[in-house]
Amino acid sequence: MTDGPATDAPEPAPLVHGVASALSPLVRRIVADNPGRMTGPGTNTYLVGIDEIAVIDPGPDHPSHLDAIAGCGGDRIRWIVCTHTHVDHFPGASGLKERTGAEVLAFDGRDGLAVDRTLADGDAIEATEFVLRALHTPGHASNHLCFLLEQERMLFSGDHIMNGSTVVIRPPDGHMATYLGQLERLQGLRPRLRSIAPGHGHLIEQPAAKIDEYLTHRADREAQILAAVRGGTSTIADLVASIYPDLVEELVPMAEGTVWAHLQKLADEGRVTGGDPAGRWAPA
Ligand SMILES: [Zn+2]
């Protein structure tokens, strides 16, 4: 979904699938060939380090993509880390492990991901050249991790923050208040951030502006939903129709999920009543 204002104009050169591009002295990116409405140009796979490499988000189980990653990092790839267990981010892990012998790390082994080691908030991958610190950032997915590359002050944000598309928050695994709390936490890290490397889209070079934009966008959306409920719109389907008037059919379930997540937050705060996503919602 592309309903948020972009702050990172002008756009750099288009992302090319399967070719490694250097983003910084320590970081390279290979974009998987899985473009789509939810994935933008495709999933970003990052290779962090030179002598010892951590791969962040192996992406889909596409042999050509995994060959490109292995071709770039070879047996210097020691860790394969997944930001979360949505299908555009992790299924390549086992094939990449077969190619490289690296260990697979994630918050947990949900959705069929086989993990060798779990990571909790604050855990670090310590290589000779860098430290990559895990931040547990639930909201988009309850098992979502961001990673901070301390040497370059680069935050790998997975689907917590993306560039060019809006993050979908779908209950029950997605949770709006939790998501916003984790955005505020990242806002607090801003002095330590130079850039954000998202799971989809280009590198974000103004992290503070992007996080502010996200928080403002969500606050605006929440106000819009609350006003509509107060105006008598009572079902999620009708709220989606009024708030996203030109939405393509394929994205309706995502919009419904996000509206539900906003309503759930408003209900928890005592501002609306309702609970059943298929039922009626009313002002409190
Ligand atoms: Zn994704």
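**Note on the predicted structure**

1. A search of the whole structure finds 0 disulfides, a disulfide being a pair of cysteine sulfur atoms within 2.5 Å. In general, a disulfide is a covalent bond between the sulfur atoms of two cysteines. Cys-82 is in no disulfide, and the nearest cysteine sulfur, that of Cys-146, is 14 Å away. For Cys-146 the closest cysteine sulfur is in Cys-82, and 14 Å is too far for a bond. Cys-82 counts as buried because its relative accessibility is 1%; Cys-146 counts as buried because its value is 0%. Here, buried means under 20% relative accessible area, exposed means over 50%, and partly exposed lies in between (1.4 Å probe, protein chains only).

2. On the basis of the model: it is predicted, so that local features need pLDDT of at least 70 and side-chain atom pairs count only at pLDDT 80 or more, while totals for chains, interfaces and linings use all residues. Residues are numbered from 1 along each chain as its sequence is written, and side-chain values use heavy atoms, with hydrogens and water left out.

3. Helices (H or I, at least four residues) and strands (E, at least two) are DSSP runs, numbered from the N terminus. Two strands pair if DSSP finds at least two bridges between them. Strands of a sheet pair through backbone hydrogen bonds, either parallel or antiparallel.

4. Strands S3 and S4 run antiparallel and are joined by 3 bridges. Within this pairing, Tyr-46 has Ile-56 as its bridge partner, and Val-48 has Ala-54. The hairpin of S3 and S4 has 4 residues between the strands, and Gly-49 in this hairpin takes a positive phi near 105°.

5. Which residues of S4 point each way? Ile-53 and Val-55 point one way, Ala-54 and Ile-56 point the other way, and all are buried. In a regular strand the side chains alternate between the two faces of the sheet.

6. S4 also pairs with S5, in the parallel sense, over 4 bridges. Ala-54 stands opposite Trp-79 in S5, and Val-55 stands opposite Ile-80 in S5. Together with helix H1 (residues 63-73), S4 and S5 make a right-handed β-α-β unit. A crossover is right-handed if, with the strands pointing away from the viewer, the path from the first strand over the helix to the second runs clockwise.

7. S5 is mostly covered, with 4 of its 5 residues buried. S5 and strand S6 (residues 103-106) run parallel and are joined by 3 bridges; in S6, Leu-105 is the bridge partner of Val-81. The chain passes from S5 through helix H2 (residues 93-100) to S6 in another β-α-β crossover, and this crossover is right-handed.

8. The largest nonpolar core has 22 residues, of which Phe-130, Leu-132, Phe-147, Leu-149 and Phe-156 touch the most other members. Strands S3 (44-48), S4 (53-56), S5 (77-81), S9 (131-136), S10 (145-149) and S11 (154-158) each supply at least two residues of this core. The largest share, 3 residues, comes from S10. A nonpolar core is a set of buried Ala, Val, Leu, Ile, Met, Phe, Trp, Tyr and Cys residues joined through side-chain atoms within 4.5 Å.

9. Leaving aside neighbours within four places in sequence, the contacts of Leu-132 include Ala-54, Ile-56, Phe-147, Leu-149 and Phe-156; contact means heavy atoms within 4.5 Å.

10. Some backbone angles deserve attention. Asp-57, in the loop between S4 and H1, has a positive phi of about 65° although it is not a glycine. Arg-153, in the loop between S10 and S11, likewise is not a glycine and has a positive phi of about 50°. Asp-57 counts as buried because its relative accessibility is 2%; at 31%, Arg-153 counts as partly exposed.

11. A cis peptide bond, with omega about 5°, joins Pro-171 and Pro-172. Pro-172 is in the loop between S11 and helix H3 (176-188).
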